[in-house]
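Q: Hi, could you walk me through a structure I have just opened? I would like to go through it step by step.

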Amino acid sequence: MSQFGPEYVRAIAPYQAGKPISEVAREFGLDEASIVKLASNENPFGVPESAKAAMTAAAADLGRYPDANGFELKAALAARYDVPADWITLGNGSNDILEIAAHAFVQKGQGVVYSQYSFAVYALAAQGVGARGVSVPAKAYGHDLDAMAAAIDADTRLVYIANPNNPTGTFIPAAEIEAFLAKVPASVVVVLDEAYNEYLEQKDQFESTQWVRNYPNLIVSRTFSKAYGLAGLRVGFAIAQPAVTDLMNRIRQPFNVNSLAQAAAGAGARVNVALLKQGVIVRPVDAYGLPQWLRISIGLPEENARFIAALKKALA
Ligand SMILES: Cc1ncc(COP(=O)(O)O)c(C=O)c1O
């Protein structure tokens with residue numbers, strides 16, 4: 001056993017990622033084309049064409065550092081989720097968000113609460129800062145929110161909830177999460193990890209990204225890795241009120257989301273951003289489970305004409 005580093009770092013069991021196709025091909029002498037990978041909840045449809053085109057254009061500028069503040073991507077996300085841009089933290093995947101939260105809000109020895117059978121990174125992030133990880137026994141393989149609320153004590157600083165959960169696929173309805181949030185002390189930050197939100201049926205969708213308006217201790221975490229097919233690029237984001245967002249941004253690496261990733265993720269909301277750039281504000285309805293749609297209010301005849309002209313340009 002190494003003598004280097006703190007004891008709590010030496011105690012970490014490394015994250016076991018799904019085996020890459022190339023490794024299995026090498027190990028078992030198989031043809032890569034004959035292997036199917038169903039190990040990492042990746043998107044089998046792969047990278048969208050819009051993201052490929054955005055990356056090709058952005059590649060010309062790779063000699064420069066990325067925008068450390070992610071201005072364009074944050075503007076697109078702010079418009080899409082109807083929150084101010086300074087409520088957004090970008091991450092190198094949402095994994096980064098989970099770790100940034102542990103670094104920003106938890107000191108060595110303080111408590112981090114999560115559920116048994118929830119995403120492995122919660123325990124790792126807690127261990128990485130020397131925190132006391134509290135794994136609350138699951139109920140029917142999912143989160144037992146009553147038991148999690150009861151596990152919060154004076155030293156608890158952070159709670160992670162995966163909804164839907166990985167690996168067990170369990171789902172907690174909106175009312176139960178809200179009842180839980182109402183019970184959590186204001187000094188405890190709750191990360192609602194919604195990496196799989198976009199896969200929910202419309203009846204199960206709820207406007208969690210708007211809940212941050214009511215809960216100053218809530219962080220909603222989302223990713224481009226799953227539904228948007230960009231796992232290899234590593235882009236995720238958090239939505240939270242400015243006091244929490246400010247601390248997260250102090251902890252993150254200045255260039256934690258690379259230029260190609262920013263360009264590709266922004267392309268998911270291309271039409272909306274193109275309209276915004278021309279000074280036309282419409283309403284993305286992602287929160288209603290309609291990510292490909294925009295809602296446009298009828299304005300004065302000259303406003304409608306402005307919109308139609310801008311839309312033609314945006315679609316060109
Ligand atoms: C519940 C959950 N949260 C977060 C992540 C991290 O995803 P990423 O860092 O690619 O955004 C995963 C990945 O599998 C996950 O299952």
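Q: Where is Pro-164 found?
A: This is a predicted model, and in it Pro-164 is found in the loop between β4, which covers residues 156–162, and α8, which covers residues 174–183.

Q: What kind of peptide bond joins Asn-163 and Pro-164?
A: The bond that joins Asn-163 and Pro-164 is a cis peptide bond, and its omega is about -5 degrees.

Q: And the peptide bond from Asn-166 to Pro-167, is that one cis or trans?
A: That peptide bond, from Asn-166 to Pro-167, is cis, with omega near 15 degrees, and Pro-167 lies in the loop between β4 and α8.

Q: Let's turn to the ligand: which residues surround the ligand?
A: The residues around the ligand are Gly-93, Ser-94, Asn-95, Phe-119, Asn-166, Asp-193, Ala-195, Tyr-196, Thr-223, Ser-225, Lys-226 and Arg-234. By type, this shell divides into three nonpolar, six polar and three charged residues.

Q: How much of the ligand's accessible area does the protein cover?
A: On its own the ligand has 390 Å² of accessible area, and the protein covers 93% of that.

Q: New topic: is Ala-140 buried or exposed?
A: Ala-140 counts as exposed, because its relative accessibility is 66% and exposed means over 50%. Ala-140 has its place in the loop between β3 (132–136) and α7 (145–151), and Ala-140 has a positive phi of about 50 degrees although it is not a glycine.

Q: What about the phi of Tyr-141?
A: Tyr-141 is not a glycine either, yet its phi is positive, at about 70 degrees. Tyr-141 is found in the loop between β3 and α7 and is exposed, with a relative accessible area of 53%.

Q: Last one: why does Gln-262 count as buried or exposed?
A: Gln-262 is buried because its relative accessible area is 12%, and buried means under 20%. Gln-262 lies in helix α11, which covers residues 259–267. If its neighbours within four places in sequence are left aside, Gln-262 is in contact with Pro-66, Asp-67, Gly-70, Leu-73 and Val-257.

Methods: Residues numbered from 1 in each chain as written. Predicted model: local features only at pLDDT ≥ 70, side-chain atom pairs only at ≥ 80, totals over all residues. Heavy atoms only, no water. Near = heavy atom within 4 Å. Areas by Shrake-Rupley, 256 points an atom, 1.4 Å probe, with all protein chains shown as cover. Nonpolar A, V, L, I, M, F, W, Y, C, P; charged D, E, K, R; others polar. Helix = DSSP H or I, 4+ residues; strand = E, 2+ residues; numbered from the N terminus. Buried < 20%, exposed > 50% of the residue type's maximum accessible area, 1.4 Å probe, protein only. Contact = heavy atoms within 4.5 Å.
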